[in-house]
Amino acid sequence: MALWPHLYLLIFIIILWALEKRCPKVMERAEENLLIIIISSIMAVSFGQVIARYGFNTGWDAALEFNMLAFSWLILLGMSYGIKTNLHLGVDIVLNAVPKRTAKILSLIGAAAAMLYGLLLLDSTWLAMLGVNVSGGAIEYWLKMFKIGIGSDELRYPGFVQELFGLQPRVHRWLVLVILPISLALLSYRSLQAFIDIARDKRSMLISSHEAQDLVKENQNVLKD
């Protein structure tokens, strides 16, 4: 299997790490804005389809495929964003019942497992060295789509783009699936960050804490004031 996708992903993660170190607030807003744009596009297309269908008896043929792909982008990017912002829900009854040192060890295991999960889905061919029968991962699947060059079912390039760059009518499938290796690389990277933060006592666990209970405690005297 070609190694250049691995190299590009590594460079992407290094650049992301450097940018977040240099301007963390800007990068945080950029990630949030990207998710907002995806959600807004889903809402806009869905609303537009309703108006077009029932008001003018027409519509966009690729609306369903666009929303499906946009929603998958939202989920895949949300995996790493949830770890970064400590928003993932989870069962913490064991973590709260054991001593802090044990809870920390369990949280470290959870972060390491999430990182391993991302790496396995990204590219599992390295398991062949351990004698495990595997069939690749997201990188291999994306490379196959890249080499075949087939298009999406309904999504099409605008006419002027087809003429300007000599492209096929349908949007390349590898282009819309590029989020697979990127999101899994981000998932592994964010899990590694969480592992380091837990080890340094900058965060207590991989999942979210009892935010509702914390808010109640913080504001329990508001009504009295």
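## Aromatic pairs

In this predicted model, the count of aromatic pairs comes to 7. Trp142 and Phe146 form a stacked pair, because their ring centres lie 5.3 Å apart and their planes meet at 20°, where planes under 30 degrees apart count as stacked.

Both residues belong to helix α6, which covers residues 138-148. Trp142 and Phe146 are 4 residues apart in this helix, so about one helical turn separates them.

## Packing of α2 and α3

Helix α2 spans residues 24-56 and helix α3 spans residues 63-85. Their axes come within 10 Å and cross at roughly 155°. Angles over 145 degrees count as roughly antiparallel, so α2 is roughly antiparallel to α3. The crossing of the two helices is left-handed.

On the α2 side, the residues in contact include Glu28, Leu35, Ile38, Ile42, Val45 and Gln49. On the α3 side, they include Phe66, Phe71, Trp73, Leu74, Tyr81 and Lys84. Sorted by class, the contact between α2 and α3 has 14 nonpolar, 5 polar and 4 charged residues.

## Annotated transmembrane regions

An unreviewed UniProt entry lists residues 6-22, 34-56, 62-83, 103-122 and 174-196 under "transmembrane region".

Two of these stretches can be set against the model. Residues 34-56 are 100% helix and 0% strand, with the end C-alpha atoms 31 Å apart. Residues 103-122 are likewise 100% helix and 0% strand, and here the end C-alpha atoms are 29 Å apart.

Notes. Residues numbered from 1 in each chain as written. Predicted model: local features only at pLDDT ≥ 70, side-chain atom pairs only at ≥ 80, totals over all residues. Heavy atoms only, no water. Axes fitted to C-alpha atoms, helices over the stretch in contact; angles between N-to-C directions. Parallel < 35°, antiparallel > 145°, perpendicular 65-115°, else oblique. Left-handed = near helix turned anticlockwise from the far one by under 90°. Contact = heavy atoms within 4.5 Å. Nonpolar A, V, L, I, M, F, W, Y, C, P; charged D, E, K, R; others polar. UniProt positions renumbered as here; feature names shortened; annotations may be inferred. Phe/Tyr/Trp six-rings, centres within 6.5 Å; stacked < 30°, edge-to-face > 60°.
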